[in-house]
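This briefing goes through selected local features of a single protein chain, grouped by topic. Please keep the sequence and the model open while reading.

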Amino acid sequence: MGKKDFLYGKNERINRQLLFSAEIDRMTAIARRTMLIDKRRRENDAEHSWHIAVMAMLFGEYASEPVDLGRAVQMCVVHDLVEIIAGDTFAYDVEGNADKEEREKAAADQLFAELPEDQGQMIRSLWEEFDAMETADARYAACMDRLQPFLHNTLTDGHTWVESGTDRAAVEKRMAVVKEFLPEVYEWVSDNIEEAVRKGWLS
């Protein structure tokens with residue numbers, strides 16, 4: 001069984017919406033580098049997206065600018081959809097990030113075209129806004145995208161940092177948007193960077 005077994009109905013719009021809904025199930029198969037907190041396995045894109053969407057509901061009170069939490073949650077949910085086609089790119093992989101923008105744009109062209117045009121454009125707009133990180137909503141969503149794997153690293157002995165040989169400067173650069181947009185939360189981040197260096201998780 002699979003998408004090839006889909007029973008088409010009379011309403012083409014509903015068909016396209018249902019087929020897209022089936023397509024994004026593939027997010028559960030896109031493995032990330034982040035380890036689950038219980039260390040059983042790596043998380044997948046669907047788990048990560050759900051996790052940061054819930055987190056986005058929690059930290060709005062610390063934002064340095066007003067945030068539309070509903071829009072930020074929407075961005076969190078859709079921000080990694082293109083990885084169904086483009087694959088996950090590890091945040092600290094310099095070589096992999098060199099062509100990330102090109103790969104993900106091509107994936108967006110393909111994936112969002114599966115939806116009715118208005119909805120494809122709506123989701124693509126949210127994805128592009130998130131990626132540009134120019135609006136308050138997008139910067140807040142980006143904070144969640146960075147805070148969640150950081151939290152996991154603090155609770156898994158710095159697993160992905162140690163595995164990839166990540167250094168302090170790279171993490172501080174990655175977390176700069178949190179420092180700017182959620183300064184109170186960054187105090188906790190800063191303490192944990194110091195602890196990670198002390199324990200040898202970060203060089």
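Leaving aside its neighbours within four places in sequence, which residues is valine 178 in contact with? In this model, which is predicted, valine 178 is in contact with Cys143, Arg146, Pro183, Val185, Tyr186 and Val189, once those neighbours are set aside.

**Nonpolar core**
- The largest nonpolar core has 46 residues, and those touching the most other members are Leu81, Phe112, Met144, Val178 and Leu182.
- At least two residues of this core come from each of helix 2, helix 3 (69–78), helix 4 (83–86), helix 6 (100–111), helix 7 (117–132), helix 8 (136–154), helix 11 (176–181) and helix 12 (183–198).
- Among these contributors, helix 8 gives the most to the core, with eight residues.

**Serine 49 in helix 2**
- Serine 49 has its place in helix 2, which covers residues 45–56.
- Serine 49 counts as buried because its relative accessibility is 4%, and the cut-off for buried is under 20%.
- Not counting residues up to four places away in sequence, serine 49 touches Met27, Cys76, Val77, His79 and Asp80.

**Strand pairing**
- Strand 1 (residues 31–35) pairs with strand 2 (residues 42–44) in the antiparallel sense, and the pairing runs over two bridges.
- Alanine 31 has asparagine 44 as its bridge partner in strand 2.
- The two strands, strand 1 and strand 2, form a hairpin with six residues between them, and in the turn lysine 39 has a positive phi of about 65 degrees.

How values were computed: Residues numbered from 1 in each chain as written. Predicted model: local features only at pLDDT ≥ 70, side-chain atom pairs only at ≥ 80, totals over all residues. Heavy atoms only, no water. Pairing = 2+ DSSP bridges. Helix = DSSP H or I, 4+ residues; strand = E, 2+ residues; numbered from the N terminus. Buried < 20%, exposed > 50% of the residue type's maximum accessible area, 1.4 Å probe, protein only. Contact = heavy atoms within 4.5 Å. Core = buried A, V, L, I, M, F, W, Y, C linked by side-chain atoms within 4.5 Å.
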